[in-house]
Structure formats: C-alpha cells, structure tokens
Amino acid sequence: MHSNSLNSQKTQASSYSRAFAGVTLLPALLVTVLSSALLLGCGQGADAQAPGGSPGGGQAVSVPVVEVKPEQLELTYEYPAQIAGLREVEIRARVAGIIERRLFEEGARVKKGQSLYSLDNAPYQTALARALADENAARVRAAQAERDYKRVMPLAESKAVSQSELDGAQSAFEIAKADLLVASAAVRTARLNLEYARVQSPVNGFASRSLYSEGSFVSGPSELLTTVTQIDQVYVNFGIPGKDHDQLRKGIANLVVEVLGADGEPIGLKARLGFQDVRVNPATGTVDARAVLANEKEVLSPGQFVRVRVSGAVQKDAVLLPQRAVLENPAGGKIVMTVSPENTVAPRPVQVAQWKGDQWVVTNGLKSGDLVMTDGFMKAPPGTPVQAVMATAQAAAVTEQTESKQ
C-alpha cells in the first residue's frame, strides 16, 4: 500500500516535471504554488487524489477561458510629437552696410515683402549714379561707332577705302555695342544693391528677436539678422517605434494623424501622414515621420510638445485577449495559459503589439479555436486537468448564483 502511494506520487511529480520541462515561461509565483501543491500531495498520500489524477476528489478544476477568433482590426497608435514651423526663414542682408532702422516689432506678425531693416543706402545710390553715367557714355560711343561703320561701307564698295579700314570700323562698332551691354549690366547690379539695402521678409509669419540693432555694421549674407516663422501650416514631427514601423508602412497612403492636446484630448486637427523614413534612427530606435497640418487658427506653436494619434492601418487575423490573460515571462516576453485538447493546462509563448482598450493585440503564437485561460492560474498550474468554461458564461452563472442567494 505504501509502495503504491509512493509510485502514485512519483507519477504525479513526473507529469508536472514534463509540463515544466525547459519552460521558464511562468511567473515565479506560479512555480512556488506548484511546488507547494507537490509537497502537500506527498504528505496526504495516495488517497488525496482520485483515480483520474485530478485534485478535488476526481473533479477537474473549472477555469474561465476565451476562444481565439481572429478578426480584422483597425490599429491606432499614439506617440509624443513636436510642432515645427512649415517655413523657418533666416533673414540676412544681401549687401554690407550699417543698419539705419529696424522696421518691425520683435515677435509681431510680418507680411511677405515687408521691409524689416533699412541699411545706409548712400553708397549704393552713388554707385547707381556712376553706373548710369557710364552706361550713357557707352551708348554714345556705340552710336558714334555705328555711324562711322555705316559711312565707310559705301566707300569700301566703290574701292575708295581699303578693306582693312572697313574691317576696323566694323570691329569698333561691335566693341562699342559690347561695352554698352557691360555698362547696362553694371546699372542693373547697382539697382539691385540699392534695393537690397532694404531687407524684406520672403514669407508671411512671425518675426523672432533681432540679433542686430540700429548702428550695427553687417558684412552681408554671412550674418543672421533674425528669423521669420510661417505657422499657418506646421509640421508635426514624431518617431515611430521599430516594432510599429512595418505595419504602418504598409498603409502609409491611408494613415491619418490627429493632434492631441497635453491632456490627451483631441483639438480638432487632422492631417495625412506626409513622410515616413525607411531608416531606423540608431540613437532612438524610432523611424522619423512627419505630417503637414493646417493651422489657420494658430493654436499650435513651433517647438510645442503634443501627442499624435495615428490611425488607418489595418491588421488582418488579429487576436484580442483580455489583459489579465497575458502573463509576463520571467525570461522575457509574454505567455498565455491554454487548455489543450486533452483538457490540461499548457503554457504558450505569444507576441503582442499594443493595447486596444482593456485587451492585448496578439500578433503571433495563437490560432483560431485555441482556448486561453483568463483566470485561475493559481489553482491550475501547467499539466493540471481542467474543465474549460467560457468566461462570459461563467460570469453569467456567478451573477445568477449571487442573485439567488439574495
């Protein structure tokens, strides 16, 4: 009798050992519970178990389960983001000079073509006057050379002058015309320099603080005077984690970016995803992405931190499980407890993507029809014979029982 009891205990221990062979997938707490159950069985003897090997006098443990039913799921992701101006234009003087006046208010709105700085233009006015005079002189010389050439042409036809004299008159005329073109180009340059003495804004936007004041000398384009930022449209820059990149890249044409406020509430601004890099940033592990957003009411400011909700991606054959059904694996990753065809508890490693409400989105590890435990892990460790009860049906039975007692 005693020998049979020991053999029964060894058989039970062996079945649990096989269930855990190579499995570091359960939490340490479940392993502790299992060890306690084995010690308790050794102390009670063979009569503690029914012939079927299940605890509780021959009845299998009832555990709540859900059946895996893959479905098409619209995915939604949320990421931190930062706003940037659509255009952040550097304002630089194109010519050298002393700043006579600053013509804008720092931080104020400016319009395209508005003058922001006025440089001392006296030297450029003088240069323009000189260029105009040179152009006029070149025009007179060209006219004189043309008359000389036309006068020599009939004389050459009558052999009154030599061919050499005709060629000289023609060359002088061509040179005079070229000199006139050079003089005209100098006039255009002088006009441009005089125009550049007024530094203008190329876009509508808001001016930043001025880096130079009246009386300062600027040497030209190498020196930054201020910046103008266009905010009627803005960039929304954010990073997509590598694990989400492949899924979002498949449906980039349909992705919609919605901006959320600091409190996580939508603020009524949506846009199409305009850019998604193919490279993963090794420093952050994310892929750079950007959307262009209309900001007519100017509720967003460059540099502002917000959150974005990216929607429009679809995952086929997605599996949703209650969060309590997915356990942490001490070795890393996630695990679920399934009920095998033999009605025993069997651990199963899974891969998850994200939460959807109070459920995990499982991407790998389960197939249609699998039964996954949602509770009862303490009383039914791996290898335990169990009776699967659909979680919804069990919940209804518990509610009915509670009402009858009342």
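This is a predicted model: local features need pLDDT of at least 70, side-chain atom pairs count only at pLDDT 80 or more; totals for chains, interfaces and linings use all residues.
Residues are numbered from 1 along each chain as its sequence is written. Local features need pLDDT of at least 70 and side-chain atom pairs count only at pLDDT 80 or more, while totals for chains, interfaces and linings use all residues; side-chain values use heavy atoms, with hydrogens and water left out.

View 1. The strands (DSSP runs of E, at least two residues, numbered from the N terminus) are arranged in the order β6-β5-β3-β8, with antiparallel pairing. At the edges stand β6 and β8 (217-218), each with a single partner strand, so one side of each lacks a neighbour in the sheet. Pairing requires at least two bridges found by DSSP between two strands.

**View 2. Strand β5 and its partners.** Five of the five residues of β5 (residues 115-119) are buried, that is, under 20% relative accessible area with a 1.4 Å probe and protein chains only. Three bridges link β5 with β3 (residues 97-102) in the antiparallel sense, and Arg101 has Ser118 as its bridge partner in β5. Strand β6 (residues 198-200) also runs antiparallel to β5, joined by three bridges; here Tyr117 is partnered by Val199.

**View 3. The pairing of β3 with β8.** Two bridges connect these antiparallel strands. Ile98 lies opposite Phe217 in β8.

**View 4. Ser201 in a loop.** Ser201 lies in the loop between β6 and β7 (205-207) and is buried, at a relative accessible area of 3%. Beyond neighbours within four places in sequence, its contacts include Ile91, Val110, Leu116 and Val228, where contact means heavy atoms within 4.5 Å.

Key. Buried means under 20% relative accessible area, exposed over 50%, partly exposed in between (1.4 Å probe, protein chains only). Helices (H or I, at least four residues) and strands (E, at least two) are DSSP runs, numbered from the N terminus.
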